Amino acid sequence: SSFTGPVPRSRHGHRAVAIRELLIIFGGGNEGIADELHVYNTVTNQWFLPAVRGDIPPGCAAHGFVCDGTRILVFGGMVEYGRYSNDLYELQASRWLWKKVKPQAPSNGSPPCPRLGHSFSLYGNKCYLFGGLANESEDSNNNVPRYLNDFYELELQHGSGVVGWSIPVTKGILPSPRESHTAIVYCRKDVGSPKMYIFGGMCGCRLNDLWELDIETMTWSRPETKGTVPLPRSLHTANVIGNKMYVFGGWVPQSAGGEISAPDGEWKCTGSFSYLNLDTTEWIGLISDCQEDKSNLLPGPRAGHCAVAVGTRLYIWSGRDGYRKAWNNQVCCKDLWYLDTERPLAPSQVQLIRATTNSFQLKWDEVPTVEGYLLQLHADSPVPPVAGVPGTGIPETSVLSSQGGCSLHQSPQSLPSIPYPEMKADHPSQTNNLVPNNVQVALSSSSKVEGKEKVAAPENKVTQETMKNHADATGFKESNAPSLLPVCTSSAQTSANVGELHDLDKQSVNPDASVSSTVSSTQTMVTQQAVKTESSSTNGAVVKDETSLTTFNSKSEAAEAAYVMPSTRVNTGQTNDSHSSRAPPKPPAPVKTRDRRWYDVGIFKNNSAVVSQFYLLPEETLNINSKKEGADVPDYRLLKKQDLFPGTVYRFRVAAINGCGVGPFSKISEFKTCIPGFPGAPSTVKITKSVDCIHLSWEPPASPSGNILEYSAYLAIRSTQLQENPSQLVFMRIYCGLKTSCIVTAAQLSNAHVDYTSRPAIVFRISAKNERGYGPATQVRWLQGKVTVTHS
């Protein structure tokens, strides 16, 4: 109900496809055939009319309309009453450029005749044309219908253009002639060849038969189905989402007293809705005829509408509603609907943009077609400084940053940060940033995930069975949840404070040392257990200078059994030999299991948040039995807030929310708030490209905590260690000085590692040093085009 822009006039016989989040609608008719191209952005809820150019096709209805990447193909349709087309047009949607294309005729027959109501389906680099309605008369005013069941294959060229038509030789019995049917292509992920399914249509009377074509063997067959087959229909839609073919609407027989009318009886539009499980060929009814039109909660009956899938969401727009005073007076629907067919997928791991002493700036990848995101955290208790050891070490966040922990993406300083219900818009123009009231989220406390992890916090309202499904989807396991917390080894070879990256070139660190990391200001060292961690793009780093090499690795969730020991700070100038003569102290008993309670940070409309607080639950809500199925989102205004503490490790996870509920949680990320006294991370990093180099510049930290003594800039480079462990970036320092800019030469760039974890990018890190030491780094990804990397 809330959309902007030029809304197209209602119609029927139009077609739609999706390119990412855009719905692209063309053709159709209602008091004349429409020739405009309309686009609806499902993220911003905006309609717009792109400025198209080139060989713009005439308006048409009941045409073929398929999408291949960012190009769209239009074939045939009715261009005026009684006059049909067999022209083929291509639209390059990236430039909104139309082009008329002329495919070669088939070697074994004639090209397809002009038609409407045919099916036009894409699989791989071929389109499959079946059936439709032709006019037997050459006089468009004298319409003599001829139903078709011919079958053609159209081979496409890569990117643009077509090769030509061919008439495949098929086995089995061809489906009977028909028009206004549907055809979809489905290929099981585990086994089998791609299949095309044709359902329903019109041939003097309406049909509800299902036909299958094995595309590899070109064999037609009639699959046996289970369940209740939908009523015979035409002008319906069929769309594949997952392993289901969703069939909605169309013309169906008018039933009288429970009996279906004869073929020549009355027909009506329907709002009934079913799906066919394509793996089991079982029909499941979702909305029956008796449910339709009883309220405004379901789309009304219609035929000749369009339906298109965006992710796991099905959109339906317009179509005629079947009401008529006379046959030539069709009334069309004006409404746009969507249906969420399943819970959303798990988002990516939470990524850290910037950390301060009491807040995190976080982001995660967008999940398409969701209403919002539920962000949760749980925390380790703050660790006090070890007695007798001055707290003068480097903050652990400086190592987090060198692993991508403190700043994964350069982004604006102010991102939407206020959780529901006090959420604000990204931009002044956006006022619809609140999560809709109809999103049902509720509490599920103290449930187990994978039988190990206790969850006791405001979570998505799901049954315990659903939580198990979530666990199955996300694979939460204490032994493999990836983490960004660094670890230290008690190896005598790593005495120097290798977290001070600027001093690496003054010392020699044995690259064979198992794992090295910063000694935190609490002066504790953690020995990592022999547990594999799941790799992620940022959960390990190697820092390289001309004379030394050291490795940063991430701590596993299984480090509950890790040992904690005091350590003595060693000056940088001290040699490894002077320290290696001391035996490492005996480790004490393992640390107790951490608190596993998850707390809500809030529900966010967008995929970013600034976190400085979280919500505490009243004790009585921690009992899972006290919460009823379907309970609403907790009223955060009634809950107490807890501020984040400095120098504390927090773990984050996020889940997406749509109309079906809360999806599975992401993998767990782990970050630490900064310790007071160290400089913040540099900001506003800019990269300017020149002919033979690039210029890197940045702004000083917002909180320098004293005078900045120097900056260091690092470049991720290729190395043999990176090949052995792709998640462990290797960095070389390319600048050290007081200036807030530096030049990266072509020679240095030639050795750069291109990170492909999301889009191809070259990774830089920049950190500042004050009297106390180096603070967290800002990491930026310099996006590249199509990059071909040759390893020397």
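This is a predicted model: local features need pLDDT of at least 70, side-chain atom pairs count only at pLDDT 80 or more; totals for chains, interfaces and linings use all residues.

Visitor: Which side chain makes a polar contact with the side chain of arginine 302?

Guide: That of aspartate 335, at 2.8 Å. A polar atom of the arginine 302 side chain also lies 3.2 Å from the backbone oxygen of serine 318.

Visitor: Is arginine 302 buried or exposed?

Guide: Buried, because its relative accessible area is 0%. The cut-offs: buried is under 20% relative accessible area, exposed is over 50%, and partly exposed is in between (1.4 Å probe, protein chains only).

Visitor: Where does arginine 302 lie?

Guide: In the loop between strand E25 (282-287) and E26. Strands (E, at least two residues) and helices (H or I, at least four) are DSSP runs, numbered from the N terminus.

Visitor: What does arginine 302 touch?

Guide: Leaving out residues up to four places away in sequence, its contacts include Phe248, Cys269, Ile316, Cys333 and Trp337. Contact means heavy atoms within 4.5 Å.

Visitor: Ile316 is in a strand, I think. Which way does Ile316 point from E27?

Guide: Ile316 and Leu314 point one way, while Arg313, Tyr315 and Trp317 point the other way. In a regular strand the side chains alternate between the two faces of the sheet.

Visitor: Which strands pair with E27?

Guide: Strand E26 (residues 306-310) pairs with E27 in the antiparallel sense over 5 bridges. Strand E30 (residues 336-340) also pairs with E27 in the antiparallel sense, over 5 bridges. Two strands pair if DSSP finds at least two bridges between them. Valine 310 stands opposite arginine 313, and tryptophan 317 stands opposite leucine 336 in E30.

Visitor: How many residues sit between the strands in the E26 and E27 hairpin?

Guide: 2, and glycine 311 takes a positive phi near 65 degrees there.

Visitor: Switching to cysteines. How many disulfides are there in the whole structure?

Guide: A search finds 0. The test is a pair of cysteine sulfur atoms within 2.5 Å. Cysteine 306 counts as buried because its relative accessibility is 6%. Cysteine 742 is buried too, at 8%.

Visitor: OK, charges. How many salt bridges does the structure hold?

Guide: 19. Each is a side-chain nitrogen of Lys or Arg within 4 Å of a carboxyl oxygen of Asp or Glu.

Visitor: What is the partner of glutamate 36?

Guide: Arginine 11, with the closest N and O atoms 3.8 Å apart. Glutamate 36 lies in the loop between E2 and E3 and arginine 11 in the segment before strand E1 (15-19), so the pair ties together parts that are 25 residues apart in sequence. Glutamate 36 is partly exposed at 27%, whereas arginine 11 is buried at 2%.

Visitor: And what does arginine 71 form a salt bridge with?

Guide: Glutamate 90, at 3.0 Å between the closest N and O atoms. Arginine 71 is in strand E7 (residues 71-80) and glutamate 90 in strand E8 (residues 83-92), so the pair joins parts 19 residues apart in sequence. Arginine 71 is buried at 2%, and glutamate 90 is buried at 1%. Asp68, Arg71, Glu90 and Lys99 are linked in a network of salt bridges.

Visitor: Last one. Where is glutamine 376 found, and which side chains does it contact?

Guide: Glutamine 376 is in strand E33 (residues 372-379). Its side chain makes a polar contact of 3.0 Å with the side chain of aspartate 600. Another, of 2.9 Å, joins it to the side chain of arginine 653. Glutamine 376 counts as buried because its relative accessibility is 0%.

Technical notes: Residues are numbered from 1 along each chain as its sequence is written. Side-chain values use heavy atoms; hydrogens and water are left out. A polar contact is a pair of N or O atoms within 3.5 Å; within protein, one must be able to donate a hydrogen and the other to accept it, and residues adjacent in sequence count only if both atoms are side-chain atoms.
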